[in-house]
Protein chains: 6
Amino acid sequence: MSKRKKKHPRESAVNMTEFVLPNDTNTLNNLMGGRLMHWMDIVSAIAAQRHSNHLVVTASVDNISFKNSIQLGNVVTLKAKVTRAFNSSMEVRIDVEAEDVPSGKKFESNSAFFTFVALDDKENPVAVPVIEPETEEEIALYDGALRRRQLRLILAGRMKPNDAKELKSFFDLKP
Amino acid sequence: MSKRKKKHPRESAVNMTEFVLPNDTNTLNNLMGGRLMHWMDIVSAIAAQRHSNHLVVTASVDNISFKNSIQLGNVVTLKAKVTRAFNSSMEVRIDVEAEDVPSGKKFESNSAFFTFVALDDKENPVAVPVIEPETEEEIALYDGALRRRQLRLILAGRMKPNDAKELKSFFDLKP
Amino acid sequence: MSKRKKKHPRESAVNMTEFVLPNDTNTLNNLMGGRLMHWMDIVSAIAAQRHSNHLVVTASVDNISFKNSIQLGNVVTLKAKVTRAFNSSMEVRIDVEAEDVPSGKKFESNSAFFTFVALDDKENPVAVPVIEPETEEEIALYDGALRRRQLRLILAGRMKPNDAKELKSFFDLKP
Amino acid sequence: MSKRKKKHPRESAVNMTEFVLPNDTNTLNNLMGGRLMHWMDIVSAIAAQRHSNHLVVTASVDNISFKNSIQLGNVVTLKAKVTRAFNSSMEVRIDVEAEDVPSGKKFESNSAFFTFVALDDKENPVAVPVIEPETEEEIALYDGALRRRQLRLILAGRMKPNDAKELKSFFDLKP
Amino acid sequence: MSKRKKKHPRESAVNMTEFVLPNDTNTLNNLMGGRLMHWMDIVSAIAAQRHSNHLVVTASVDNISFKNSIQLGNVVTLKAKVTRAFNSSMEVRIDVEAEDVPSGKKFESNSAFFTFVALDDKENPVAVPVIEPETEEEIALYDGALRRRQLRLILAGRMKPNDAKELKSFFDLKP
Amino acid sequence: MSKRKKKHPRESAVNMTEFVLPNDTNTLNNLMGGRLMHWMDIVSAIAAQRHSNHLVVTASVDNISFKNSIQLGNVVTLKAKVTRAFNSSMEVRIDVEAEDVPSGKKFESNSAFFTFVALDDKENPVAVPVIEPETEEEIALYDGALRRRQLRLILAGRMKPNDAKELKSFFDLKP
């Protein structure tokens, strides 16, 4: 049995910058949530491709909460890196920041977790390298990935809540 | 104190149809998840506008799981309606179906819940009509909305897991 | 000789909803007629595909008259269904309605007839099912289709005006 | 009473060239009719603006018949000029030609008539210069404009067929 | 040895007209330089295709200086023609003019030289016809093409400044 | 007289990542030069905005040479930073790299210099901070900026070749 390759989160890191144009905004001149999710999908798919060296498809998107509205003319910076790999799937963390460049004012918009599956030439799932986290933050993200995965499986109806050990401890619910 | 207006889910129902073009797909000719989320955001924003008769902004998106890949040339049908209104926020359910029209083959793609906040002219949150569900399915969606809201608040760090009564019963976790 | 399949207009019905964005408008913030025709072509092509279960190409567009201007931020609803099928061609009726969602004000924009030809894998015309109208409105559209077809053929220089019996009676011109 | 200004068709002439990209085509790699109509609307609106020196809105589109399919990678040339002006409205003729540039093969695609209304700053219709045709072709287009206008009015339900003298003579229908 | 075909600049002439839409502008409502360059690339690529009867790729772009800003709603006219052909490469001159159509005010925006390489079916460079200039302006552009080519080669580090005879005389630098 | 503020090149650094989609490519599936220049303009405009804390307009683009063709599905990384500021204008250096992510193969595409002018609220040029280069590479770019500026001025017909001292020494042309 062959041992799987190891890669670090930083090897998949991607930075994307977008300029908010009129067609990206609603009639209040706020960036539409859907356009932002479109960008988040692209940046995280590139991170997952870099980690797996395969084409990837989006498998799921975790709960996203939009805090501050982003305005027409703002510059949006999206940073993505793989937090943990399972067999053929990978979780990617995306952090979104917006900037009113003339004033230099920056603010956090939101963060999110997207999951991707790597595919081979016949579009079948294919095993990907495992993740070896390096920084403290990467280790925390790596550890939490199991819990988030259980929540995803429960919400998709593919795991029973009582089997989700990591998730239970997060909810701090003693039996 | 004035009583809030009541509206039915069907009053906000929106049907959207999109044709998958080359720029919507990745190199495998599959619809990119981000483009689909962009469409889901537009259709559900229209539903929330119809319910509230106000402009709206996306507040959050619940966990989405993508099941079947949608192909170049497929026709995508998105159906949205408001499931429940809180004070100034509304939860919208979106069901996505894809169709290979020449063969007539239809398949479910995924469903999702988006939340919107209604804004007045000064971009402040404004109260919206309450929802009065009519069909059995609408009642089930209405009832589940509280549980989903608690999960959203917990995941956004704005509620403690132990305070989420409805959610606890869903996870079937006895104290 | 095989008998052709029959289908009802409702089997090809398509609803499309579009949100008017800045790039869809002219400098008066009115939806440009060309963008609207682009949407009308897509929605009616889907209806023709649904009826024929084949790929289709636009053969002609009948006279369109634009009544009320549609504004930036309006929601446009397009409804299409096949009115009558000839050999390999189909006439599709499209009704366009616009809505200022915050105020709830709806208004008719225009209606139109597009014709499509169904193609087989070698891009040759292929026979399509005949239409069996059900409602009174569908019967009226079915009956008028012959007259509209004669006008199309005359305007394309492929029929002599004196041979257009149905059209003559419409123009109420007695010899 | 002031006499209206005169302008020649060539003063409003516009040439537009478009390159057919993947997103402009259907799954057969043919240019979609709707995209072509979008381009036709833009080129003819510019011609109407040049004639009127005012902003314009599309009032109607005459019957269009699509003859030859245009392919991905083809170059499309659209030529527009005003044929006749009425009070505040103008008829524009558009000729569309396609070219497979590597082979140098050119072919006619279709021609059409679009009508526009000129608007002043308050979006009210405003009188435009009259047309003085110069070439034989321009005179023929100028003369035919009355007949086409009657057909438009009849089809829009705003003229009775028996009042359409010019149109009757075209249909060669003797009383 | 076969003699190369000759073609005139006017045989490759292309006119393109674009309408400046919201998404083409920055927050000052000025056309973005990058969008204009995109259009310049398309119009000049069509000219190079017309001259060579082959597919082409952009090889280089000469220094461009943007003089007057172009506004939202302006009409941009781009005129391109091949000035000189080398072996498999061609230099194309593009002249850009903008127009505020309602006022009829036209102004020059800028001009530029783009170079393209013609490719055969295997994407290898292929010889193109030589240019035979006709007008005085075409002869001047033809003559200057050598000097501009030397500057390109020097700036790309592929020619030593001292070998650039034509360029030296332009800079009027006596040894 | 107030002393101008100093900023480092790294303070204006921007990273942009783009995914090459079908509509970005020509019929050979190569990224079109014009689309790439559009992206280069956006990334460098953001760098110039960051340096100046003002809105900016593109003033000029230096000679660009495209070396390796970029393919459909490649990931393009653009890195921009300000090299030198003059009074109200700034020179920005952009480096473009492409990557075939599945194979992990990266290659340089090209580099370029764009110049921007900072504008105040009334769209008049406004003074910007001076640049203080830190690394060896930044110092070399800072020093070369004067020479490139002279070439720009000569090519725009606003400087006589003999007055361009720095440029002369680059061309190694002794008087």
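This is a predicted model: local features need pLDDT of at least 70, side-chain atom pairs count only at pLDDT 80 or more; totals for chains, interfaces and linings use all residues.
Colleague: Which elements give two or more residues to the side of chain A that touches chain B?

Modeller: For chain A they are helices H1 (33-52), H2 (136-155) and H3 (165-171), together with strands S3 (55-61), S4 (64-65) and S7 (105-119). S3(A) gives the most, with seven residues. Sorted by class, that side of chain A has 22 nonpolar, eleven polar and eight charged residues.

Colleague: And what area do chain A and chain B bury between them?

Modeller: About 3500 Å², with 65% of it on carbon and sulfur atoms. The contact draws 41 residues from chain A and 41 residues from chain B.

Colleague: How do you know that the copies meet through the same surface?

Modeller: Compare the residues on the two sides: 100% of the interface residues of chain A are also interface residues in chain B, so it is the same surface that each copy uses.

Colleague: Why is the pair of Arg148(C) and Glu91(C) called a salt bridge?

Modeller: Their N to O distance is 2.8 Å, and the cut-off is 4 Å, so the pair qualifies. Arg148(C) sits in helix H2 (residues 136-155) and Glu91(C) in strand S6 (residues 89-100) of chain C, so the bridge ties together parts 57 residues apart in sequence. Both residues are buried.

Colleague: Which residues of chain F meet Glu91(F) in a salt bridge?

Modeller: Arg148(F) is one partner, at 2.7 Å from N to O, and Arg152(F) is another, with the closest N and O atoms 2.5 Å apart. Glu91(F) lies in strand S6 and Arg152(F) in helix H2 of chain F, so that pair joins parts 61 residues apart in sequence. Glu91(F) and Arg148(F) are both buried, and Arg152(F) is buried too.

Colleague: In chain A, which residues are linked in a network of salt bridges?

Modeller: Asp62(A), Glu91(A), Arg148(A) and Arg152(A) make up that network.

Colleague: Let's finish with another contact. Which residues in chain E lose the most area to chain C?

Modeller: Phe19(E), Leu21(E) and Pro22(E), which together account for 69% of what that side buries. Chain E and chain C bury about 430 Å² between them, 69% of it on carbon and sulfur atoms. Five residues from chain E and five residues from chain C take part in the contact.

Colleague: How do the residues of the side of chain E that touches chain C divide?

Modeller: Three are nonpolar, two are polar and none is charged. Between chain E and chain C there are zero salt bridges, while one residue pair is in polar contact.

Terms used
Residues are numbered from 1 along each chain as its sequence is written. Chains are lettered from A and ligands numbered from 1 in the order in which they are written. Side-chain values use heavy atoms; hydrogens and water are left out. Contact means heavy atoms within 4.5 Å. A salt bridge is a side-chain nitrogen of Lys or Arg within 4 Å of a carboxyl oxygen of Asp or Glu. Helices (H or I, at least four residues) and strands (E, at least two) are DSSP runs, numbered from the N terminus. Buried means under 20% relative accessible area, exposed over 50%, partly exposed in between (1.4 Å probe, protein chains only). Buried area is the accessible area (1.4 Å probe) that two parts lose on being put together, summed over both. Ala, Val, Leu, Ile, Met, Phe, Trp, Tyr, Cys and Pro count as nonpolar, Asp, Glu, Lys and Arg as charged, and the others, Gly among them, as polar. A polar contact is a pair of N or O atoms within 3.5 Å; within protein, one must be able to donate a hydrogen and the other to accept it, and residues adjacent in sequence count only if both atoms are side-chain atoms.
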